Amino acid sequence: MATRVDTDAPMISSASQTYDVWKVREDFPILKQTVHGKPLVYLDNANTTQKPQVVIDAIREYYETYNSNIHRATHLLGEKATRAYEAARTKVQHFLNARREEEIVFVRNATEGINLVAQTYGRRNIGPGDEIIVSAMEHHANIVPWQLLCEEKGATLRVIPITDAGELRLDEYEKLLNARTRLVGIVHMSNALGTVNPVKTVIEMAHRQGVPVLVDGAQSAYHMQIDVQALDCDFFVFSGHKLYGSTGIGVLYGKYDLLDAMPPWMGGGDMIATVTFEKTTYNDLPYKFEAGTPHIAGAIGLGVAIDYLNGLGMANIAAYEHELMAYGTQVLSAVPGLQMIGTAKEKASVYSFTLEGAHPNDLGELLDRQGIAIRTGQHCAHPVMQRYGVSATARASLGCYNTTEELDALVRGLHKAKQLLG
Amino acid sequence: MAQSQDEQAEQLVEAFELFDDWDDKYSFLIDLGRKLPPMDEAAKTEENRIQGCQSKVWIVMEPHSEDGEAVLDFRADSDSAIVKGLIAILRKVYAGQPPEAVISYDIEGLLERLGLSRHLSLNRRNGLLGMVQRIKRDATQLSVA
């Protein structure tokens, strides 16, 4: 790891006393490598996070010792796989503080969770003239499924505007809520701006009108403690691969009564009770929504990722990342010509920025040559880019294993890039 | 008549070989881009834009005749300094050449020799190949005309 050069920079103090980031880093084998001959500085966590050894081991162990299909086997391996898969569901239930494990549906990712709600709850409950509200800082995953539904049903998508800092205009939201509103879809934490939205307030306001709320937790679930009962959200989705688990596994949480009343989406094995050519009856929750063989290894890996995060403590992670975030904001702000896109008061783990005279893609490439991985582009949030009048941004995003030294390396990398592009 | 493609290519390869460090190579590439002949702002239209590039790239073909022979030329620009450097490399081996030479030239081989094909991200590569395709398409039209 590069040594610190800026001795005047603020130090992380309080959180680091209870959180040993250097020990955490030891758990992630990928972080030990060099890229282009430089130590890897991985700052693309909002895209996907790296995996701790325990998750990799759990997935390998499944395939090496008890790979089997679940819910139907009469043999020991199948029994073991079924138990591990269902144990993972229980871990997710507790992680989100859901009331019942039947409220946890395994899907591929947050995107699939939103599409599931749009295609089942949405198609049943939304009709011509109805309205769906989203915000101006949504990821495409929480825009397009609703647009598809609106097109099909003759409904309208309404958009909560945001301030220049990247905060929700709650006053405008209040005005948008009306008797035609059927659903609110809101991002908990913006992937393009880092804004953490006051979702509890958003939900309370919707509920006063009897409108259910879906929370897109793809970015929030791995940065802060989630309590779906305290939030009182009706649906909550997240992706396993951002929560230090594998790709291909995600979660849809839904309140039991809502999920139970929803028609199935995909048909196939495991989601049925009885099948005849005349009439098929469906399985109970959550299996009704889990057609076909699921990503068993992914679910087991996600369960272990949750164990791992619980071991570190979500509150500790949040506190550490909060201080790291403040440190990064300070050192990045000192880079001449750097403009931060998204300066909300409540913000976490994302630095989206432009650098004067430098195309974000060039920045990404020149940082990569220095071993620093960031994302550049539009972050699957074209409307956000349009809102700020930029064609793209560079985005550095934090995970539980990043350090102040890495943020210093980013700053040095930016200076170097600037000098080359000069 | 412009220098032959091989002469141009050799000069580029020699220049790139002078640098041991990645940053010197990039610095040289970016500098090549800076020396590109300017492109008229009015020509930066959607029509002239190459699709498939993450950064914006515009290209206008300017074929003309030299000693009674049709040769290809083009002006291009990008909002990315690195892409401008890549455009400069394309100009070195394509500009002022007869269409047949443009069509048959092994650009992948040159990028390989410059050590660029290994370093270019897949996205950049696709964008660069988009430019090459556009140039070759126009060269083909020119050779038929």
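Two strands pair if DSSP finds at least two bridges between them. Helices (H or I, at least four residues) and strands (E, at least two) are DSSP runs, numbered from the N terminus. With that in hand, hello everyone, and let's walk through this one together.

First, some housekeeping. This is a predicted model, in which local features need pLDDT of at least 70 and side-chain atom pairs count only at pLDDT 80 or more, while totals for chains, interfaces and linings use all residues. Residues are numbered from 1 along each chain as its sequence is written, and chains are lettered from A and ligands numbered from 1 in the order in which they are written.

Let's start with the sheet of four. In chain A, an open sheet of four strands runs in the order 13-14-17-16, with antiparallel pairing. Strand 13 (338–340) and strand 16 (375–377) of chain A each have a single partner strand, so one side of each has no neighbour in the sheet. From one strand to the next, the twist averages 30 degrees; axes here are lines fitted to C-alpha atoms, for helices over the stretch in contact, and angles run from 0 to 180 degrees between N-to-C directions. Strand 16 of chain A meets strand 17 (residues 393–397) of chain A in the antiparallel sense over three bridges, and there you can find A:Arg375 opposite A:Arg395 of strand 17.

Now to the sheet of seven. This one is also open, with the order 4-10-9-8-7-5-6 in chain A and mixed pairing. Its edges are strand 4 (104–107) and strand 6 (156–160) of chain A, each pairing on one side only. The twist averages 20 degrees from strand to strand. Strand 4 of chain A pairs with strand 10 (residues 250–254) of chain A, antiparallel, over four bridges, and A:Val105 has A:Leu252 of strand 10 as its bridge partner. Helix 6 (residues 144–153) of chain A packs on this sheet, touching strand 5 (131–135), strand 6 and strand 7 (181–187) of chain A. Contact means that the C-beta atoms of two residues, placed from the backbone, lie within 7 Å. The direction of helix 6 makes about 145 degrees with that of strand 6 of chain A.

On to the domains, whose bounds come from an automatic or database domain assignment. Chain A splits into domain 1 (14–32 + 314–421) and domain 2 (55–311). Taken over C-alpha atoms, the centres of these two domains of chain A are 28 Å apart. Their contact takes 21 residues from domain 1 of chain A and 20 residues from domain 2 of chain A. Which helix gives the largest share of the domain 1 side? That would be helix 12 of chain A, with five residues.

What about the core? In the largest nonpolar core, with 156 residues, A:Val213 and A:Ile300 touch the most other members. Such a core is a set of buried Ala, Val, Leu, Ile, Met, Phe, Trp, Tyr and Cys residues joined through C-beta atoms within 7 Å, and buried means that 20 or more other C-beta atoms lie within 10 Å of a residue's own. Both domain 1 and domain 2 of chain A supply at least three residues to this core. Among the residues that A:Ile300 touches are A:Ile59, A:Tyr62 and A:Tyr85, not counting residues up to four places away in sequence.

Last stop, the two chains. Their contact takes ten residues from chain A and twelve residues from chain B. On the chain A side, helix 13 (360–368) and helix 15 (404–421) each give two or more residues, and helix 13 of chain A gives the most, with four residues.

Definitions and conventions:
A residue is buried if 20 or more other C-beta atoms lie within 10 Å of its own, exposed if 12 or fewer, and partly exposed in between; C-beta atoms are placed from the backbone.
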